[in-house]
Amino acid sequence: MSENKLLEIQNLQTYFFGKEGTVKAADDVSFYLNRGETLGIVGESGSGKSVTALSIMRLVQEPPGKIVGGKISYFPKDGTEIDLLALPEDEMRPYRGNNISMIFQEPMTSLNPVYTCGNQVIEAIILHQKVNKAEAAKLAKEMFGKVQLPDPERIYRSYPHQLSGGQKQRVMIAMAMACKPDILIADEPTTALDVTVQKAILELMEKMKAETDASIIFITHDLGVIAEIADRVLVMYKGKIVEQGTVKELFTNPQHPYTKGLLACRPPLKFRLRRLPVIQDFMNETGGELSLEKKATVKDAFMKLRIPEEETISRLKQLKSKTPLLRVEGLKTWFPSKKNFFGKTIEYTKAVDDVSFEVYPGETLGLVGESGCGKTTLGRSILRLNPVKEGRVFYDGIDVLNLPKEEMRGLRKRMQIIFQDPYSSLNPRMTIGNAILEPMEVHGLLSSSKARKDRVVELLETVSLQAAHYNRYPHEFSGGQRQRICIARALALKPEFIICDESVSALDVSIQAQVLNLLVDLREKLGLTYIFISHDLSVVKYMSDRMLVMNKGKIVESGPADTIYDHPKTAYTRQLINAIPKAGF
């Protein structure tokens, strides 16, 4: 055994047993982790990344899951070898959280909503460090300061729902690092966070690792993020490790077609593509057996799909020659934030503050900015889903904000929105066929129930789902499939204009590429006009003809997407660009 080795996994087999058969979530997985190293594990949802991490922690739920084979060896500084799978549960508990700690993917569900953040960190410290409550409280506040939380005293007293996503993630890091573990397992700790917050979290983890002399296992679906933080990388696919090596080896000379596909899925920053390559461009799957297309390279895929610069310029000129479809003038949406003794509002949160812009027919206008900048409120205000304080919105010459309710209902057929979270925007008690059918019934589209059902099947097939899915419920689909269902529902009324609100932010990069390609195809096929809202500037750049950069309720920069990326005028835009994981794309 190398003196530098801290953890070794040998032939790990973690299976899940159900009515429909056995799922081999981790299938003969072997790897090691050295002291002071950051090991990245990358792959799509369902590849076995999180199950491997939960197996190390012995947190796999039994039933339906079970670790059926393998060995997990932990080597503490005293040179002994401890087989974690052989330990009784009461002997395993002291290692969990003290020697090996984990940051879970979703901080809101892994933090207890009825306890303050301070109490939750204190609990972990007292359990493992045998200190009194006063000492634990002092240490918890010190940890909140170390993870750069603003006003540690306030955060200490706050409940999880009172914090932003990035702040909750920092609380989780503080809790995980409080006992100075040897190994920190971070399971998708930056998924769905702003690129600027993501960059801060990655830098923080590197700093904490150096301070505590820890090793990190960093799990993600995004190879761009891995390039920022990892020393070595494992690529997992269907429960197996299909490729491993240093970050440099993987990015400069990927060997497995699946790795090539993951690298190609993320929108490149230096040029435009007609559509994004997907994993299926590099590997086929027939009858359960993989047929590997080994000749394809990421560079070849990009070059085949690249759009010449002059074509982009010509398209912009053509769009701007038309009459604007949407015109927003001086729009203000303010929310009361403070009232006086008599209940009168004396302070407002200016979510949208004097915003003006135009959108042309057939155009995709990108709206980018950090969480809280006002993007979503702006989109909802345009559709009259939020009360507007001041300003005007004209759609095809119609004054939207002053339209009577009955006429606004008719206009909604032409203007639709795809919400950020597909699961919460679908009724869990309604089949997806009925969810798509409902708006057609409400607006009296088509002459009969049969015609409407036929239209639903047509829409499902348009978004690459099947007629057989009609009677299934939302929980039976993956995140990417649910997003396609929401797209199908938005298309049910044959709209001309769609607002896409963070519609790909929490998806795997591979599923994200498929959904983005679908939106582009639908725009060309149906002549749609989009406002595409996202905090990810690389995605907005790929989708958009023009771009608006929003900060604190105001538009701080606007122009052609390529121009804004290549020549940003404001420090805020430069900050957004610099935070994008570059990874040599």
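**Reading the features**

Visitor: Which residue of β21 stands opposite Leu365?

Guide: Arg546 of β21 stands opposite Leu365. This is a predicted model, in which local features need pLDDT of at least 70 and side-chain atom pairs pLDDT 80 or more, while totals for chains, interfaces and linings use all residues. Residues are numbered from 1 along each chain as its sequence is written, and side-chain values use heavy atoms, leaving out hydrogens and water.

Visitor: How many bridges join β15 to β21?

Guide: Strands of a sheet pair through backbone hydrogen bonds, either parallel or antiparallel. Here β15 (residues 364-368) and β21 (residues 546-551) run parallel and are joined by four bridges. Strands (E, at least two residues) and helices (H or I, at least four) are DSSP runs numbered from the N terminus, and two strands pair if DSSP finds at least two bridges between them.

Visitor: In what order do the strands of this open sheet lie?

Guide: The order is β18-β19-β20-β15-β21-β22, six strands with mixed pairing. β18 (415-418) and β22 (554-560) are the edge strands; each has a single partner, so one side of each lacks a neighbour in the sheet. From one strand to the next, the twist averages 15 degrees.

Visitor: How do β1 and β2 run?

Guide: β1 (residues 5-18) and β2 (residues 21-34) run antiparallel, with 11 bridges joining them. They form a hairpin with two residues between the strands. Phe17 stands opposite Thr22 in β2.

Visitor: At what angle do α4 and α5 pack?

Guide: Two packed helices are described by the angle between their axes and the distance between the axes. For α4 and α5 (residues 133-146), the angle is about 120 degrees and the axes are 9 Å apart. Axes are lines fitted to C-alpha atoms, for helices over the stretch in contact, with angles from 0 to 180 degrees between N-to-C directions. The two helices are therefore oblique to each other (under 35 degrees is roughly parallel, over 145 roughly antiparallel, 65 to 115 roughly perpendicular, the rest oblique).

Visitor: Which residues lie nearest the centre of the second largest pocket?

Guide: A pocket is an open set of points on a 1 Å grid over the protein atoms alone where a 1.4 Å probe fits, with protein on both sides within 12 Å along at least five of seven lines; lining residues have an atom within 4 Å of a point. Of the 17 residues lining the second largest pocket, Arg96, Gly97, Phe104, Ala124 and Met175 lie nearest its centre. β6 (100-103), α4 (117-129) and α7 (165-177) are the elements giving two or more residues to this lining. α4 supplies the largest share, five residues.
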